[in-house]
Amino acid sequence: MDASLEKIADPTLAEMGKNLKEAMRMLENSQRIEEENGKKPVSEDIPGPLQGRIQNIGEQGHMALLGHSLGAYISTLDKEKLRKLTTRILSDTTLWLRRIFRYENGCAYFHEEEREGLAKICRLALHSRYEDFVVDGFDVLHNKKPVIYLSAAARPGLGQYLCNQLGLPLPCLCCVPCNTMFGSQHQMDIALLEKLIKDDIERGRLPLLLVASAGTAAVGHTDKIGRLKELCEQYDVWLHVEGVNLATLALGYVSSSVLAATKCDSMTLTPGPWLGLPAVPAVTLYKHDDPALTLIAGLTSNKPADKLRALPLWLSLQYLGLDGIVERIKHACQLSQQLQESLKKVDHIKILVEDELSSPVVVFRFFQELPGSDPAFKAVPVSSGAPAAVGQERHSCDALNRWLGEQLKQLVPVCGLTVMDLEVDGTCVRFSPLMTAAVLGTQGEDVDQLITCIQSKLPVLTYTLQLREEFRQEVEGTAGLLYVDDPNWPGIGVVRYEHASDDNSSLKSDPEGEEIHTGLLKKLNELESDLIFKMGPEYKSMKSCIYIGLASDDVDISELVETIAVTAREIEENSRLLENMTEVVRKGIQEAQVQLQKANEERLLEEGVLRQIPVVGSVLNWFSPVQASQKGRSFNLTAGSLESTEHTYVYKVQGTGVTPPPTPSGTQSKQRLPGQKPFKRSLRGSDAVSETSSVSHIEDLEKVEQLSSGLEHSNLEAHCPEQAPSVPAPMARQTEALQNKAQHPEDDHPQMGKPGSRDLRFSQPVNSHL
């Protein structure tokens with residue numbers, strides 16, 4: 001940069017070169033001191049909302065930002081010096097860009113908005129094709145409407161932007177479909193384009209401009225620009241090309257489809273993202289010989305301040321040099337090729353590539369293989385004659401790809417991945433190093449880390465997709481559960497419990513259902529399984545659901561669904577039991593108040609009125625005491641009724657009351673090995689389980705439980721011999737022994753015969769009393 005500036009004869013440029021040299025020396029010294037002292041980045045020192053948010057820019061970034069400040073100082077020069085300086089900067093920058101990107105005999109327009117250059121080109125085409133447009137204005141367009149052709153794969157909103165800037169109606173836009181039979185599905189259909197042009201000419205319209213893509217915004221595919229150029233020359237249509245693949249024109253080898261863009265009428269370049277330069281304007285190169293029309297269209301300006309837009313790019317190009325520019329673009333292309341070659345070796349990953357040598361954009365997605373294609377992973381069978389099933393599998397894969405993309409963005413943020421939805425292929429993950437590598441500093445090691453992360457996530461995706469259909473069938477076959485189809489959920493599935501008062505047609509909120517699902521979610525999370533359970537968002541019907549996350553291993557779906565159904569049913573029954581008990585207690589209190597009032601009235605009638613007088617009543621009670629019986633009431637929660645306490649006071653023991661109903665409980669859960677988490681498929685029949693393993697311990701525990709239950713039954717038979725069921729011979733002997741002990745407890749424990757004594761081993765259950 002110093003040598004080029006010293007060769008400039010203009011003393012203003014020479015002085016500016018000295019100042020830039022001093023500024024760069026100060027910048028390098030400060031950066032070296034910060035590295036030696038281990039100081040944190042500059043963005044961390046900035047107070048306020050910008051702290052830690054500014055990206056770490058290099059020296060070329062500082063040079064581009066310095067150009068904006070320098071342009072403000074240059075604008076204060078004398079008009080003559082300013083005119084010479086800006087003209088020199090503009091001409092040098094235009095010449096360098098034309099040589100770097102192989103665009104001969106063209107002019108350059110620098111603009112901040114990327115689409116602004118195309119709008120000015122459309123205005124130039126209007127003035128070129130309509131000679132009286134300056135005088136007659138829209139009357140000329142009304143007689144012969146212009147047509148702008150855009151590809152269906154163009155950037156969203158580009159056509160509406162052009163119409164708003166030019167004041168044209170939307171019917172002036174013509175969307176050209178992409179290929180359906182031959183070629184890429186993201187390339188413009190040339191045969192159909194020619195037919196559309198002929199139809200517009202026959203209807204009295206004027207084909208004005210065609211926008212082609214050298215790297216579409218979505219997947220980086222390039223149109224057949226050579227064939228499009230021939231078609232535009234035949235019908236006198238302006239050809240404009242834009243896209244990320246235009247950056248490869250700076251390399252030594254360029255594909256023929258991209259190289260044909262150098263023969264077009266105009267092209268838009270975005271060197272800022274390609275080279276990692278912040279606040280650098282975009283450039284539109286065009287070919288036109290009439291300076292008056294370019295001035296009317298706004299592509300050229302006589303204001304020196306407009307020419308100073310090129311100053312940041314002028315400084316950056318000098319700082320980087322041709323070798324630095326080529327090296328950055330080449331490095332980005334190598335990263336994309338490295339990722340493509342690595343993804344080819346990964347199963348269940350599909351790459352959407354038009355041409356591996358010309359497209360620096362890599363788009364991939366996880367996909368489900370057909371049954372039997374890979375023995376390592378079993379696929380879900382989908383019949384070709386069931387479009388609903390195919391659509392269901394498509395939505396499931398889209399949700400999993402969206403989850404995969406978000407995970408990769410968090411794990412490897414330096415790769416600059418994006419998640420997008422394609423109409424034909426579905427949800428995909430895009431890697432475009434030309435737009436991100438220079439800014440984020442992506443290296444080959446980051447691509448290797450990305451491949452490692454993808455391989456680590458594939459088993460989770462495969463197991464989850466395999467279990468989704470099984471989960472749906474299991475839920476639909478279980479009473480009380482409803483399968484909720486949510487295509488955006490990247491997990492095993494979504495389920496909702498239908499309680500007794502559930503109304504599917506109701507659009508109102510369901511507090512009881514929300515309470516049941518909240519308790520169900522708490523119970524499921526307490527199981528400490530590998531699955532993640534969440535409470536999903538509310539739908540239009542305002543019903544809560546349970547969202548089950550991804551499966552990292554094989555899951556026993558039948559046990560999972562059974563656990564959900566049984567747990568939800570228990571929560572509902574317990575809640576209803578509590579509601580019933582509350583109602584019973586409320587009625588019992590009311591009844592107790594009525595009986596207390598009756599008891600007071602009876603006591604008055606029994607004692608008489610004289611006994612209620614303070615002095616007379618005490619004297620009368622002293623001569624003739626009242627022999628009143630002790631009356632009381634107790635409330636039996638189980639029976640829900642008031643009972644007399646006379647039996648308690650007379651016999652010094654509480655009544656048996658009514659036998660309590662059994663507590664709601666679910667089916668017995670499957671036995672698991674020690675350390676085995678819930679919902680894991682059991683390894684029955686495995687050689688790893690021996691006779692002395694934990695399975696035998698489980699059988700011993702079952703025997704102990706059976707023996708303890710037998711003891712409880714024998715205890716009950718001792719008190720109720722007429723209801724004793726028949727038991728086997730060994731258990732009969734144990735029962736007889738227990739009966740003898742129950743009938744003659746004083747033989748071993750004389751204290752059991754005393755009133756009020758308790759034996760914790762053989763005592764009957766005592767009812768709860770209030």
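Which residues does H240 touch, not counting residues up to four places away in sequence?

1. **Contacts of H240.** The model is predicted. In it, H240 touches L118, I121, L210, V211, A212, S266, M267, T268 and T284, leaving aside residues up to four places away in sequence. H240 itself sits in strand β5.

2. **Burial of H240.** Is H240 buried or exposed? Its relative accessible area is 0%. Buried means under 20%, so H240 counts as buried.

3. **β4 and β5.** Strand β5 covers residues 238-242. Strand β4 runs parallel to β5, and five bridges join them. Within this pairing, V211 stands opposite H240. From β4 the chain passes through helix α11, residues 225-235, and on to β5. This β-α-β crossover is right-handed.

4. **β4 and β2.** Strand β4 also pairs with β2, residues 146-151. The sense is parallel here too, over five bridges. Y149 has L210 of β4 as its bridge partner.

5. **Cover of β4.** How many residues of strand β4 are buried? The strand spans residues 206-213, and eight of its eight residues are buried.

6. **Helix α19.** Look next at residues 444-476, which form helix α19. The helix has 33 residues. From first C-alpha to last it reaches 49 Å, close to the 48 Å expected at 1.5 Å a residue.

7. **Kink in α19.** Where does the kink in α19 lie? It is at K457, shortly before the proline P459. The kink is about 30 degrees.

Notes. Residues numbered from 1 in each chain as written. Predicted model: local features only at pLDDT ≥ 70, side-chain atom pairs only at ≥ 80, totals over all residues. Heavy atoms only, no water. Buried < 20%, exposed > 50% of the residue type's maximum accessible area, 1.4 Å probe, protein only. Helix = DSSP H or I, 4+ residues; strand = E, 2+ residues; numbered from the N terminus. Pairing = 2+ DSSP bridges. Right-handed = clockwise from strand over helix to strand, strands pointing away. Expected span 1.5 Å × (residues − 1). Bend = angle between axes of the 7 residues up to and from the residue. Contact = heavy atoms within 4.5 Å.
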